[in-house]
Amino acid sequence: SIPTEQWAQVVEKSGGPVVYKKIPVPKPGPDEVLINIKYSGVCHTDLHAMMGDWPLPTKLPLVGGHEGAGVVVARGELVKDIEIGDYAGIKWLNGSCMDCYYCRQADEPLCPEPSLSGYTVDGSFQQYAIGKANHVARIPKECDLEAISPILCAGITVYKAIKESGVRPGQYLTIVGAGGGLGSMALQYAKAMGIHTIAIDGGEEKGKMCKEIGASEYVDFTKSKNVVQDVKNATADQLGPHAVIVLAVSEGPFQQASEYVRSRGTIVCVGLPANAYLKAPVFDTVTRMINIKGSYVGNRQDSAEAIEFFRRGLIKAPYKTVGLSQLQDVYHLMEKGQIAGRYVVDTSK
Ligand code: 8ID
Ligand code: ZN
Ligand code: ZN
């Protein structure tokens, strides 16, 4: 039976902190499902949301979280293809109109009227969360809900970004911010696809982790005297990587990428630092034929494919689990860049 009250982490004012308290359990609308969230990954986006970093307002009070994995406990009368007891996940795109130019061609993340979990609607840092039935992630029963939770944003996003980069098996991909949540997933997806990876991040702990999960090379930006040269030297012909995925939460690396990417290479921007701008020399961009583009989560098919990589046992990105009640401590570590991999919260404690 579904309780009427539940534990949640609530952002009551922009800037935080989160407040651990009891709130009512929501009721699903006709086209929605209610998921008993067991575990949720903590994405840097959740911190951006709490801090009001972006030029898009959040709802307030707000329950954050968009990597929530759990069990369907209720569904609206229009929902036919998900059963009570199925595993399902709350991802960033909670819902979209399904009828605009973008939705009609499965570019749902570009829908001008999206509902965003843990941003414009309440997300997965609560024990019971609502998702539009056509957007919730379908999670196979054999998957571990704890380990799969970070796939629901980090995994889907980097899987899509690797595809958008056009990098091919046997080529080189540089991942900037490789020691973080998205970065560690990117290393595993790239490895599964037969792509060489050059990881950039800071510190020995992240370096050790990156090497363990598949990076061919690690460049420590806090120690390197010349990041650009070190990245080029990590490719066999020293021409630099065929593609770069920038996940860092600072502006500098977005500008640096055009210095080491191979001519005709692609820079995919994924990280979303506050108030940041892209800057690249027009001369080099033209004469070296550099592509610079963005990539934003993934559509329903990308989501299913990213989950399938996990189900097949190809993705083992490191995570640590703590209670939902400790979310603010996770944010403190995240602010300082001290998390290697991902944190997952267990909603039962
Ligand atoms: O769809 C999207 N585009 C999308 C989806 C999900 C998340 C975008 N994001 C955004 C988040 O909002 C955030 O801005 O991607 C960014 C990274 O999210 P994350 O992986 O959850 O953050 P993290 O775990 O804190 O990792 C960031 C890493 O960047 C490193 C840090 O050390 C950390 O490991 N880093 C920084 I900050 N500066 C760096 C630099 N100069 C750097 N690494 C290399 N060089
Ligand atoms: Zn996210
Ligand atoms: Zn739409």
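So, overall size: this is a predicted model, and with 349 residues a compact globule would come out near 20 Å in radius of gyration; the protein has 20 Å, which agrees. That radius is taken over C-alpha atoms, and the globule rule is 2.2 Å times the number of residues to the power 0.38. Along its principal axes, the C-alpha trace spans about 60 × 40 × 40 Å.

Quick housekeeping. Because the model is predicted, local features need pLDDT of at least 70 and side-chain atom pairs count only at pLDDT 80 or more, while totals for chains, interfaces and linings use all residues. Residues are numbered from 1 along each chain as its sequence is written, chains are lettered from A, and ligands are numbered from 1 in the order in which they are written.

Okay, the fold. We have eleven helices and 18 strands; these are DSSP runs numbered from the N terminus, with helices being H or I of at least four residues and strands being E of at least two. Buried is 20 or more other C-beta atoms within 10 Å of a residue's own, exposed is 12 or fewer, partly exposed is in between, and the C-beta atoms are placed from the backbone. Of the contacts with a separation of 6 or more, 70% join residues 24 or more positions apart, a contact being two C-beta atoms, placed from the backbone, within 7 Å.

Next, the domains. Domain 1 is 5–153 + 298–346, and domain 2 is 155–294; the bounds come from an automatic or database domain assignment. Their C-alpha centres lie 26 Å apart. The contact takes 27 residues from domain 1 and 21 residues from domain 2. On the domain 1 side, α1 and α10 (300–311) each supply at least two residues, and α10 gives the largest share, six residues. By class, that side of domain 1 has 15 nonpolar, six polar and six charged residues. For the classes, Ala, Val, Leu, Ile, Met, Phe, Trp, Tyr, Cys and Pro are nonpolar, Asp, Glu, Lys and Arg are charged, and the others, Gly among them, are polar.

Helix α11, residues 327–335, buries Leu327, Val330 and Tyr331. They cover an arc of only 100° around the axis, which puts them on the same side of α11; the arc is that of the directions from the helix axis to the C-beta atoms. Asp329 and His332, on the other side of α11, are exposed. Covering the buried residues are, among others, β1 (5–11), β2 (18–24), β3 (32–42), α1 (44–51), β17 (319–323) and β18 (342–346).

Over in β18 we find Tyr343. Tyr343 is buried, with 22 other C-beta atoms within 10 Å. Leaving out residues up to four places away in sequence, Tyr343 touches Val42, Tyr319, Lys320, Val322 and Val330.
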